[in-house]
Amino acid sequence: MNGKAVQFNRHIKKNLRSSALICALFFLLFAVKSAAQESSFDLKAAVSAAQPGAVIDVPAGVYYGDLAVDKPLHLRGEVAADGSRPVIDGQGKGTVVVINAPGVILENFVIRASGNVIDKEDGGITVENAEDVQLLNNRLEDVLYGIRAINAHRLVIRGNYITGKRLDIARRGDGLRLWQSEECLVEGNTVERVRDAIFWFSDGTTVRGNTFHDNRYGVHMMYTDRMTIENNYMLGNSVGAYLMYSKNVLIQGNTFQQNRGPSGYGVALKDMDGVTVQENYYLDNRVGLFFDNSPSSVDISQAIERNVLAFNDIGVLMMPAIKRNILRHNTFLDNLEQVGVKGGGSRPGDELGGNGWDGNFWSDYVGYDATGEGVGDIPYHAESLFENIADRHPNLSLFFFSPAQQAIDFAAKAFPVIKPKPKLTDEFPEMAPVLPTAMPQTTPFQSRMGWLAAGLLIGATAMFVGQLRDRRLVIGNYRTVATTPISQSPILQSPITSTPVLKGDPMLTIKNLTKRYPRPGRAWWSDETITAVDDLTFELPVGTSLALWGVNGAGKTTVLKCLLGLLASEGELRLNGYDLRRDGRTARRFLGYVPQELAFHNDLSVAESCRFYARLKDVSDARIPVVLALVGLTGQEKKAVGALSGGMKQRLALALALLADPPVLLLDEPTSNLDAATRDEFIDLLMELRNGGKTLLFTSHYADEVDRLAERVLILRDGRLVADGVPAEVLGTQRLILGSQSSRIASVTQQLPNSGVFDSLPVVGRHSSVVNYSAEEPIR
């Protein structure tokens, strides 16, 4: 062997020795760290040596092996300075803690790493043949089963976090399993990524204030009478709660959301008797409530009251033979199908199996409430032919809201011979949703979904709550503001006249309204735009009037068109609480509109025109003489619209806008085509409406009109709000009234963009002599 080879071998041996030393040091450090984590306290020895009834304070650290507690003890975990708690680690074998003595309290531990043998039911904690045990504020993780209780009466499980092993849902164990354990309390726990929370033969148990997430069944109960399930949050399970073969169960104040597994029920009731289901939220499930042979006894009726079923594929689903469920004061809001029949329709002569449906709110109800009592004057019928077909063939639900559905339902209306029997009839439908006393829960759970999913959930719930709130339920000391001088008339009124609002509350709220158009003449590949309305924000209180001023092209009419839904826009638009984009159809029932350019069918008479628009607005013909008298057209009913003067046509336009007695009127230069005398009369009429409670938003180019009618005026320039205040402040001494009262106010001078005059306004709402007018161009 030459010298180079010897030198190379020595170098290799030296490196090997160095590597071995490094490995030894690393192992030593790891062992020291593990030893530091392990506590010198001997938990098993302390349990063995303790007298019954003793309190054992267990310091933070890691304790191995299965722990058996066979005497009444209070094991209390201490919290270290770094926030750590004592950990009982099963090292992947068997059940970590077994309690078989009464009166044991296990508090503030981390219990982890059970075995993984499902037929041995390896898990975190087992309580067997032991009464009055309390499991408080523990964290169970990486366990096959969470907490199992057998003959453990009056067991208290409170404040624990339970999560299973990361297994396919079919391989998981149950997070909670109570067997023959009566009068138990399960409260304030979070249970996720397990199979079920099971309660069998456990009468009198209360499940309250828990979160069940990402499980198969949130709660699975069988043969458990007198159970209470209240104020729980069941999110993202296959089924929220499946209740079977039990009696006298209360389901109250829970939120069942996004339970969309193969069954996808929020709550399923099978062979249940004497169940009370009240004040729950069922949100975005495949099915909100499912009834299968419930009630099963022929002499029992069940109350389903004050629940909100919203945004589900099906709100309530029933087997065809179901009877004696009394559903009242529930809110059915924007479900794809409000009520469905599984496998087909009900028998002739029955309304979905003989259940009671009177007195619910239906978001697709198209009736009216003439007397303002809050109850619709015509019944609600669920009689969609497409829904009936889809009930028999669920795969057809793919075509909901498609032209196919519309064509089938249109055919049923056009040819009554194929019109289906109604699935149900609500003789007294409510006109406004009925909310539970508490809002839906949005608990930020601890899970892999993280804060992003929690934020999305809270946002979705907020939109839902906003939509319900926008219905303006009668809550507290709200009162109804009279909307016209004839609002006390016995003549038929629209339901919206009874909208509960407070004087001074915002009727119209506009935030950051922006409207952009493609720039004319731009290249096909360009996205260049012009801004017609730029970040406009203002509020219009109930019963007040506001004028929009500005030169041609300032954006006044564009604002009105955005409110009317004629133009797409950015920003937030709310009318009487409704989102004008999301709930536009409902919200615009609160609007009456008088355009600048009138378009009538000139060959129709005044009365025929009114009847035509009354039918479009679903208003009784009895309202027509009232509005005609209000605008001074009594006696003109038979006259052709084409024979009316300009002033009379303007009055007719206002009468049509008032048919449904909306609380808000939008008027685009309403007096621009009237002579002076007629204009004064028309302004007097608008003032009467305003004084009677109407809210007015109008554009105008007459100073005296703004003075008399507007309590506030906004000046727009290039789509931006540059001044905001009362007319006297805005117009002030700079206003030039040209001639008589009928003279037009001239526009803001065209030199303003270059003069920077408006730029000198320090704050919107403050005005000085910088506002100038000339006769060059009329304001529009």
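**Labels and their criteria**

Modeller: Q596 counts as buried because its relative accessibility is 13%. The model is a predicted one, in which local features need pLDDT of at least 70 and side-chain atom pairs count only at pLDDT 80 or more, while totals for chains, interfaces and linings use all residues. Residues are numbered from 1 along each chain as its sequence is written, and side-chain values use heavy atoms, with hydrogens and water left out.

Colleague: Why does Q596 count as buried at 13%?

Modeller: Buried means under 20% relative accessible area, exposed means over 50%, and partly exposed lies in between, with a 1.4 Å probe and protein chains only. The 13% of Q596 is therefore in the buried class.

Colleague: Where is Q596 placed, and what does its side chain contact?

Modeller: Q596 is in the loop between β45 (591–594) and α8 (606–616). Helices (H or I, at least four residues) and strands (E, at least two) are DSSP runs, numbered from the N terminus. The side chain of Q596 makes a polar contact with the side chain of E669, at 3.2 Å. A polar contact is a pair of N or O atoms within 3.5 Å; within protein, one must be able to donate a hydrogen and the other to accept it, and residues adjacent in sequence count only if both atoms are side-chain atoms.

Colleague: Why do R154 and D618 count as partly exposed?

Modeller: R154 has 37% relative accessibility and so counts as partly exposed; D618 has that label because its value is 39%. R154 is found in the loop between β12 (145–150) and β13 (156–158), and D618 in the loop between α8 and α9 (624–630).

Colleague: What is the phi of R154 and of D618?

Modeller: R154, which is not a glycine, has a positive phi of about 60°. D618, also a residue other than glycine, has a positive phi near 60°. Most residues other than glycine have a negative phi, and most peptide bonds are trans.

Colleague: Which peptide bond is cis?

Modeller: The bond from S294 to P295 is cis, with omega near 0°. P295 lies in the loop between β30 (287–292) and β31 (302–305).
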